[in-house]
Amino acid sequence: MDTELILMQLFSGVALGAILVLTALGLSIIFGMLGVVNFAHGALFMVGAYAGLWVASLTGSFWWGLIVAPIMIGGFGMLIEYFLIRPLYGRSIDDPLLLTFGLSYVLVEGVRIVFGSDGIPFPTPSSLTGVVDLGVGFFPIYRIFVVGIVFLVVVLLWLGLEKTKFGLIVRAGARDPTMMKVLGIDISKVWLLVFGLGVGLASLGGVLSGPMRSVNPEMGALVLAEAFVVTVIGGLGSLVGSIVAGLLVGVVISMTALFAPEMATIVMFALMAVVLLIRPQGLFGKLA
Amino acid sequence: MTKGTTRNHISRRHMLAALGTGASVVAMPWIARAADDTIRIGFPTPLTGPFAAEAKDQVKSAELAVKQFNDKGGINGRKIELLVRDDKLNGGEAATRTLELIEKDKVHAIVGSLSSAVQLAVNEVTRARGVLYVSISQSDTINEVKDFSKYTFHEALNPTMTAGAVARHSFKKGMKVAHLVADYAYGHEMLRGFKRAQAAIGVETVGEIMHPFGAADYSTFMPRLRSMRADVLCISNFGRDQANSIKQAVDFGLKQQSRIVVPVLLHNQRLAVAPEVFEGVVGGSNFYWGLESQLPSAKAFNDAYRAANNGAIPTDYGAYGYTGVSSLLMAMQASGGTDTDKVIAALEALKYDVAKGPQYYRKCDHQSVQSVLVLESKKKADMKSDNDLFSIVANEVPSEEVLRSCTELGFPG
């Protein structure tokens, strides 16, 4: 096995990991701040892809789809939080889980009714088609662009949470919501925005995935499973955990694909099982 | 592996037989339908799941065949009814629905299913209950003596025919081929079909990669596929896996290095991605609507289908629903009714041409001997309409030469 191939495989793994990071972040943020396990995450990822495609076909530009769809679906997420999730705060963790689980079915069926159950093409923007020579092999320009976007999103999220007043409130709210209320801060507004942010990230992942995979109503199912595996390995609710675990899972999948390709999907579940045995709280999680 | 599969089959067979006995004891006469003289045909197919698009086309085509016979006054004055059931692309579900159709709905025959594994589950039930079954999904094992049922007729192509035809028209002696294969029955059978044809032509395999069924991302397989430097990249998978894997192979620039070839080029999957992605991809097919320019039977089928479905055209797997139901009804007509043994004899003697040129069922394994198409996906600029997807590279005439011989399948000479 030559080194060029292994280096190329490592790079493919990191690129795949970046996509996993993006899908896991939204799930992790919502759980970390609100304690809601969002089972509709995969469906919202899919709705995001359709919204991106719709906006792109209306405006004739991929870029408008990339910007508008996450905002639009993020707003839709806020409506979900306000009307559906909010009444369930303070009840068992199963209630919002069941609600979002049901919601995912509604969303998938809704998209089937509006757009049909066949796949729809989502062309790669012409400025990002083609491959680039990395020295050890060729890689699609679009996938490198996606890695760049994910990096940008991670940096912006970090700055937003660590360096702004809003971020301070969010972090404090996650730790002690009662104290926040006592201090006169309207925590429900913060939760509304955080839920919208998480959903917006899911839908950004959907738009970015569109040109790599065909867009169809079931495309979110596998994404939900992957996002859960990554957040569990990284530690539920830990942003750093999601990032490290996403890249780790990507590289592990890629290396497995080189030596035992038929195991490429199952290996991430094996990795999760091993991590749970050794560190039940996940790599960066805190024990409850 | 083989041992495990065999053991599995036997246990499933026993389980189904037991289940069947149980159901017939429980099924009270008043639950069963009144004994009218309508001819009922059960049609299990995966209406939900990743093959839903193909399954819906199958139903529309089957309904058309039934309607045409009813419009002509039925069979000996008896009306025909199609009972469609969702098998959810699951063997257990399909077996249960089939048993229900037989025990409760008292169907006279079963047509349907769309997956090699699900089809074998239906076959187990119909064989145990002695019910006619026209199967319309690709499989090689269903022809073999171990899975053979005298009640079963295989209307679909099988991997030996499909992969063989594609190989004969796109492989040349001395070429190097790399295989990307879905790791389940369909992929394995297609790979076997290609390798059989490769051996005959003199084509070398430079690498094989098995990918998990239903994978969404294929990027991690690409560096190794590229390093194989093959003349042909052969991708044996079905449904959405086909659209996703071809799209990503093209994104990674593999089309510049190798020609992409698939066993079955799917109409609905080509529609799921841009024409540029599939441009130049070669694959086999049982039916393409464009046959109408050279075949009167294809023209008649297309016209009837358009009239019944607001101008839509029939697709590959959909057409199996039409040819499968039509051949069964023609045999019922010839035999004068629904007596199972008489219909079997009529099917064995039948010559039919309803959509794609002449066809007949081979006596030993009940495989439909029929034409095999090799198609190439068109450039966007060459497409005359939204449905003008493929050009016909070859149309292999029906011949038992391209099938495995009866002795090879284990039937006594």
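1. Basis. In this predicted model, local features need pLDDT of at least 70 and side-chain atom pairs count only at pLDDT 80 or more, while totals for chains, interfaces and linings use all residues. Residues are numbered from 1 along each chain as its sequence is written, chains are lettered from A and ligands numbered from 1 in the order in which they are written, and side-chain values use heavy atoms, with hydrogens and water left out.

2. Domains of chain B. The assignment gives domain 1 (2-157 + 298-369) and domain 2 (160-285 + 372-402); such bounds come from an automatic or database domain assignment. Their centres, taken over C-alpha atoms, are 29 Å apart. Domain 1 of chain B puts 22 residues into the contact and domain 2 of chain B puts in 23. Contact means heavy atoms within 4.5 Å.

3. The sheet. In chain B, 7 strands make an open, mixed sheet in the order E7-E6-E8-E9-E10-E14-E15. Helices (H or I, at least four residues) and strands (E, at least two) are DSSP runs, numbered from the N terminus. Two strands pair if DSSP finds at least two bridges between them. E7 (204-211) and E15 (390-396) of chain B are the edge strands; each has a single partner, so one side of each has no neighbour in the sheet. Neighbouring strands are turned by 20° against each other on average, direction ignored. Axes are lines fitted to C-alpha atoms, for helices over the stretch in contact, and angles run from 0 to 180 degrees between N-to-C directions.

4. Strand pairs. E6(B) and E7(B) run parallel, joined by 7 bridges. Here B:Ala178 has B:Gly207 of E7(B) as its bridge partner. E14 (residues 372-377) of chain B runs antiparallel to E15(B), with 6 bridges. B:Glu376 is partnered by B:Ser391 in E15(B).

5. Cover. H8(B) lies across E6 (176-182), E7, E8 and E9 (259-264) of chain B, at about 175° to E9(B). E6(B) is largely enclosed by the rest of the structure, because 6 of its 7 residues are buried. Buried means under 20% relative accessible area, exposed over 50%, partly exposed in between (1.4 Å probe, protein chains only).

6. Aromatic pairs. Rings of Phe, Tyr and Trp (its six-membered ring) pair if their centres lie within 6.5 Å; planes under 30 degrees apart count as stacked, over 60 as edge-to-face and the rest as tilted. A:Phe62 and A:Trp63 are edge-to-face, at 5.4 Å centre to centre and 75° between the planes. A:Phe62 is buried at 9%. A:Trp63 is partly exposed at 37%.

7. B:Phe51 and B:Phe238 are edge-to-face, at 4.8 Å and 75°. B:Phe51 lies in the loop between E1 and H2 of chain B, and B:Phe238 in the loop between E8 and H8, so the pair ties together parts 187 residues apart in sequence. B:Phe51 is buried at 4%, and B:Phe238 at 3%. Both belong to one aromatic cluster that includes B:Tyr184 and B:Phe213.

8. Charges over rings. B:Lys72 lies over the face of B:Phe69, 4.9 Å from the ring centre. B:Lys351 has its charged end over the ring of B:Tyr360, 4.4 Å from the centre. The criterion is NZ of Lys or CZ of Arg within 6 Å of the ring centre and within 35 degrees of the ring normal.

9. A:Arg213. This residue is in the loop between H8 (187-209) and H9 (219-234) of chain A. A:Arg213 is buried, at 8% relative accessibility. Beyond neighbours within four places in sequence, its contacts are A:Val223, B:Ala216, B:Asp217, B:Asn244 and B:Gln248.
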